[in-house]
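I opened the model to look up a metal site, some ring pairs, salt bridges and a surface patch. My entries follow.

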Amino acid sequence: MADCIFCKIVSKQIPSEVVYEDDQVFVFHDINPQAPTHLLVIPKEHIQSAAHVTEKDKELLGQMFVVIKNVTEKLGLDKEGYRIVNNCGELGGQQVDHLHFHVLGGRQMQWPPG
Ligand code: AMP
Ligand code: ZN
């Protein structure tokens, strides 16, 4: 999508600190980290939000979670644990309208979130 910052990161028009990519999924470091490790896991295809996922995205969503498992293992986050966050829509606090999972690790998380 032409005006989407995450589509531009996928196509490398905007640089990012890439952690992993395959034909469906792209992982990079958040530019404004909220934890010692703060990754963003996104589909290469533009999907606006979790509210815009459809039946055809089932395999893609599964692959995103396999990637989260593999990347967190590689970075050693899996032993202590981590948090996966999806902000969906305005009240969910979503600022970038391209589906993404935040993966936060390296500190104790609190509950409830703000
Ligand atoms: P959300 O509020 O859930 O939409 O999260 C958007 C996230 O994208 C925020 O955590 C931002 O810090 C992050 N972000 C925005 N622009 C960039 C960028 N160019 N590179 C890396 N992360 C970014
Ligand atoms: Zn996009």
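**Terms first.** I call a residue buried under 20% relative accessible area, exposed over 50%, and partly exposed in between, using a 1.4 Å probe and protein chains only. F101 is buried, with a relative accessible area of 9%.

**Conventions.** I am working on a predicted model, where local features need pLDDT of at least 70, side-chain atom pairs count only at pLDDT 80 or more, and totals for chains, interfaces and linings use all residues. Residues are numbered from 1 along each chain as its sequence is written, chains are lettered from A and ligands numbered from 1 in the order in which they are written, and side-chain values use heavy atoms, with hydrogens and water left out.

**Zinc site.** I looked up the donors of the zinc ion (ligand 2). They are C4 (SG), C7 (SG), H46 (ND1) and H98 (ND1), at 2.1 to 2.3 Å. Donors here are N, O and S atoms within 2.8 Å of the metal (3.2 Å for Na, K and Ca); water is not among the atoms, so sites may look incomplete.

Which geometry does the site of the zinc ion (ligand 2) have? I find it tetrahedral, with angles of 107 to 116 degrees among its 4 donor atoms. Four donors count as tetrahedral if all angles lie between 85 and 135 degrees. For reference, the ideal angle for four tetrahedral donors is 109.5 degrees.

I noted the donor spacing in sequence as C-x2-C-x38-H-x51-H. I take helices (H or I, at least four residues) and strands (E, at least two) as DSSP runs, numbered from the N terminus. C7 is buried at 13% relative accessible area. H46 has 25% relative accessibility, so it counts as partly exposed.

**Aromatic rings.** I count 3 aromatic pairs in the structure. Rings of Phe, Tyr and Trp (its six-membered ring) pair if their centres lie within 6.5 Å; planes under 30 degrees apart count as stacked, over 60 as edge-to-face and the rest as tilted.

F26 and F28 make a tilted pair, with 5.9 Å centre to centre and 55 degrees between the planes. F26 is buried, at 0% relative accessibility. F28 is buried too, at 3%. F65 and F101 pair edge-to-face, with 5.1 Å between centres and 65 degrees between the planes. This pair links distant parts of the chain: F65 is in helix α2 and F101 in strand β5 (residues 101-105), 36 residues apart. I also logged one aromatic cluster, formed by F6, F26 and F28.

Where does F65 lie? I place F65 in helix α2 (residues 58-74). Its relative accessibility is 40%, so F65 counts as partly exposed. F65, Y82 and I84 form a nonpolar surface patch with about 250 Å² of accessible area together. Patches are made of residues with over 30% relative accessible area and no salt bridge: like charges are joined within 9 Å, nonpolar side chains (Val, Leu, Ile, Met, Phe, Trp, Tyr) within 5 Å. Accessible areas come from the Shrake-Rupley method with a 1.4 Å probe; for residues, only the protein chains shown count as cover.

**Salt bridges.** How many salt bridges does the structure hold? I get 7 salt bridges. Each is a side-chain nitrogen of Lys or Arg within 4 Å of a carboxyl oxygen of Asp or Glu.

K44 bridges to E21, the closest N and O atoms being 2.7 Å apart. That pair links distant parts of the chain, with K44 in the loop between β3 and α2 and E21 in strand β1 (residues 18-21), 23 residues apart. K44 is partly exposed at 24% relative accessible area, and E21 is partly exposed at 33%.

K56 and E45 meet in a salt bridge at 3.0 Å, N to O. K56 and E45 both lie in the loop between β3 and α2, so the pair ties together parts that are 11 residues apart in sequence. K56 is exposed, at 60% relative accessible area. E45 is partly exposed, at 38%.

K79 and D78 meet in a salt bridge at 3.9 Å, N to O. K79 is exposed, at 72% relative accessible area. D78 is partly exposed, at 31%. Salt bridges that share partners join K12, E21 and K44 into one network.

**Last look.** I placed G76 in the loop between α2 and β4 (82-85). G76 is partly exposed, at 39% relative accessible area. G76 and G106 are 30 residues apart in sequence and 9.6 Å apart in space, C-alpha to C-alpha.

Conventions
Four donors count as tetrahedral if all angles lie between 85 and 135 degrees; four count as square planar and six as octahedral if opposite donors are over 155 degrees apart and all others between 65 and 115; anything else is irregular.
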